[in-house]
Amino acid sequence: MKKNAVYSIWFAVPALVVFSIFFVIPMLISFFFSLTVWNLKSFTFCGFDNFRLFFTEHSMNLSVRNTFVYAAVTCSAKLILSFFIAILLSGSLKTKNILRSIVFFPTLVSTIAVGITFSALMHPSKGLFNILLQSLGIAPVDWLGNTKLALLSVAFTDVWKGVGVATVIFLAGIQSISRDYYEAAVIDGANYMQQIYFITLPLSKPARNSIIILALIGGLKSFDLIWTMTGGGPGFATDVLASVIYKQYAAGFYGLSTAGNVIMFIFITVIVLPLQQYLIKKEEQ
Amino acid sequence: MKKNLKTVVSILFVCVLCGSASAKSKKTTLTMLISRDQPMNGIQSVCDKAENTLGIKIEMELSASGTDFDNMVKTRLASGDIPDFIVYNTGSLLAPLNPEDNFINLSNEPYAVRINNAFKLSASINGKLYAVPFGLSQVGAVMYNKKVYKKYGLSVPKTWKQFIENCDILKKNGVTAIIGTFKDSWTSQVLFLGDSYNVCKAVPDFSAQFEKGNMKYAATPAALRSWQKLADTTPYYNRDYLASTVSDGCDKLVSGEGAHYIMLTDNVLPQIASLYPDKINDIGVFAIPGDNADDNGITVWMPSGIYGNKNGKHTEAVKKFLNYYMSEAGLDVYCSALDVISGPMAVDGYTPKGKRIAALADMEAYFKANKNDAALEFKTAVKGANAANICSECASGQTTAEQAARIYDEDCRKQAVQLGLKWK
């Protein structure tokens, strides 16, 4: 029995080695360097100064709040939209396959390209969105310049881009629900809405939980789209944790930005780990 | 299918290798990393001439601009992927690059004595010179459309109060008083940084004390004034100022849609000169006014420097090229390729030969009267890394002048700590 256990561990060794080299060791090294002032060639130990400096950063409170808001908005929007799109696409639509490709296509495009395109579309005077609004007689909106609206505009673009993946996951989840349930429900006289509420919704829980976790982590980590569209601006209005860290890295403060990364790691873990436990427990019920 | 693709790719690869090998045997190929925001005609023609006369071919690597270029240079230096030449700022931005480890010491080169002292100061660390001036010096000042001024009967303001009055008149008449191009976020800093002449005139030892951490912007009234001026500009920008770029700004200034553009002259005048050659003389320059009508001075930006890679394989060729570039012949090639001469060259005893413009005459008036001073970032090593965002926040009205000054002081403190300066 013991021999079997040891034998099977050997199969895991290559993966474990790769995992340690590329994830565990760099993580431990970064914990070390977050306690130093570092310019990649030499370092001076400075204890928790970097962490203190990071927390007194001017845009810190705002960026933590923005990170939360951004993650929550994109996660919930992706979840709800993808659920309905998946239901639509798992029905009996003739153009189902083409529609699935169209829905999934934005995920394949480079995030930077999406960011640049949507920035151009959202230009206050030359952008297509405002030209459309003006032709309908509505006043133009400063999508990326209005400090209250900018983050939501970027979130909208993120949802546009990310809804495809969530839809695919939901599709897989929905299609794995046995037809028997629906037939039984029809016999009992359930209409379409009731079928969705009592059968599809509860039985697609595993898919739903995956999407929640993935979208939330992605939203909390999100950087490239925000950076391309607003650069954290106007001023600091759309700064999120990742862009604050990036700006410090760009300025050459490598120790400080490593400390920021450690903070972000702890932040995401503290949010996602309990959430995951909660969702799994509910799933098992 | 896969096999065919592999063969094609490997054949192409071998061809490229052969190609580059044979190219190397004929002449030395050097690489130059330069931001795409820099004016290119001058350096391109010097490189072309150098290819013919010296057998040195220079490949330009055009890169991002602003903080992204900053990031690119720092990362490449730190990771060891260093090109033979880098065109980068001098002054406070030089210190974090570890010049002693990375760049060739040019202090003993034959042309070093002819380089202007103010430039030498900003391109040296610990007394060693690391760069030659890239192109012309420029000023950070208010560029204005002379035709618009004439139309509304305005005169060049001598105090900040007069400037705001001019802006009010322009705004009332439907003209954008101040052009904002904050999509290129670095441009939001120019008003704040360009006020340096006024700050340093009022507090002569500000730069030295600021570097030591003894004087702060929030606590020094003359310095706080710079932030107050920035806050004053909030109502005068064009509606799309957060989405406009430098190119948009140039277009607006020339067309008269906007009257004032507070920017670095070298990023605007050459562009206008090449796109609108018949309108370049409509643009004038005046210094950012202080509160004293009798003392109007202009803030000078040292040009970027060309740095040579100390640890590369071609240091001799690098030095040879720089020698040629700094010779009278080389400088003439550079200047004659420019559309217009938009400022002086930081080389003593050398007058750029080329097309003169109205704005140049405006600038020279300040130099002749000795009313010019280098910007603060060329006198001290400390400049907050988030200056652009803080300025943009203040100019767009999200923070007050006092708040912005405090935030900037904190930002400078962060950089000072990373540079090893002991700030409280």
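Author: The questions below take up the terms one by one.

The model is predicted, so to speak of local features pLDDT must be at least 70, side-chain atom pairs count only at pLDDT 80 or more, and totals for chains, interfaces and linings use all residues. Residues are numbered from 1 along each chain as its sequence is written, while chains are lettered from A and ligands numbered from 1 in the order in which they are written.

Reader: What makes residues of chain A and chain B count as in contact, and how many are there?

Author: Two residues are in contact if their C-beta atoms, placed from the backbone, lie within 7 Å. By that criterion 24 residues of chain A touch 24 residues of chain B. On the chain A side these are twelve nonpolar, eleven polar and one charged. Nonpolar here covers Ala, Val, Leu, Ile, Met, Phe, Trp, Tyr, Cys and Pro, charged covers Asp, Glu, Lys and Arg, and the others, Gly among them, are polar.

Reader: What is counted as a helix or a strand, and how many does chain A have?

Author: Helices are DSSP runs of H or I with at least four residues, strands are runs of E with at least two, and both are numbered from the N terminus. Chain A has 13 helices and two strands. Its C-alpha trace spans about 75 × 75 × 30 Å along the principal axes.

Reader: Why are α7(A) and α10(A) called roughly antiparallel?

Author: Helix α7 (residues 150-175) of chain A packs on helix α10 (residues 205-221) of chain A at about 160°, with the axes 8 Å apart. Axes are lines fitted to C-alpha atoms, for helices over the stretch in contact, and angles run from 0 to 180 degrees between N-to-C directions. Angles under 35 degrees count as roughly parallel, over 145 as roughly antiparallel, 65 to 115 as roughly perpendicular and the rest as oblique. The pair α7(A) and α10(A) is therefore roughly antiparallel. Among the residues that make the contact are Gly162(A) and Phe170(A) of α7(A) and Ser210(A) and Ile211(A) of α10(A). By class, this contact has eight nonpolar, four polar and no charged residues.

Reader: How do you know that α17(B) and α18(B) are roughly antiparallel?

Author: Helix α17 (residues 387-395) and helix α18 (residues 401-419) of chain B pack at about 175°, with axes 10 Å apart. On the scale already given, α17(B) and α18(B) are therefore roughly antiparallel. Glu393(B) of α17(B) and Asp411(B) of α18(B) are among the residues in this contact. The classes are seven nonpolar, no polar and two charged.

Reader: What makes α17(B) mostly covered?

Author: A residue is buried if 20 or more other C-beta atoms lie within 10 Å of its own, exposed if 12 or fewer, and partly exposed in between, with C-beta atoms placed from the backbone. In α17(B), nine of nine residues are buried. They pack against α3 (67-79), α8 (190-194), α11 (221-232) and α18 of chain B.

Reader: Why do β2 and β6 of chain B stand at the edges of their sheet?

Author: The open sheet runs β2-β1-β3-β12-β6 in chain B, with mixed pairing. β2 (56-63) and β6 (131-134) of chain B each have a single partner strand, so one side of each is left without a neighbour in the sheet.

Reader: What makes two strands of this sheet a pair, and in which sense do they run?

Author: Two strands pair if DSSP finds at least two bridges between them. Strand β1 (residues 28-35) of chain B and β2(B) are parallel over eight bridges. Strand β3 (residues 85-88) of chain B and β12(B) are antiparallel over four bridges. Four bridges also join β6(B) to β12(B), which run antiparallel.
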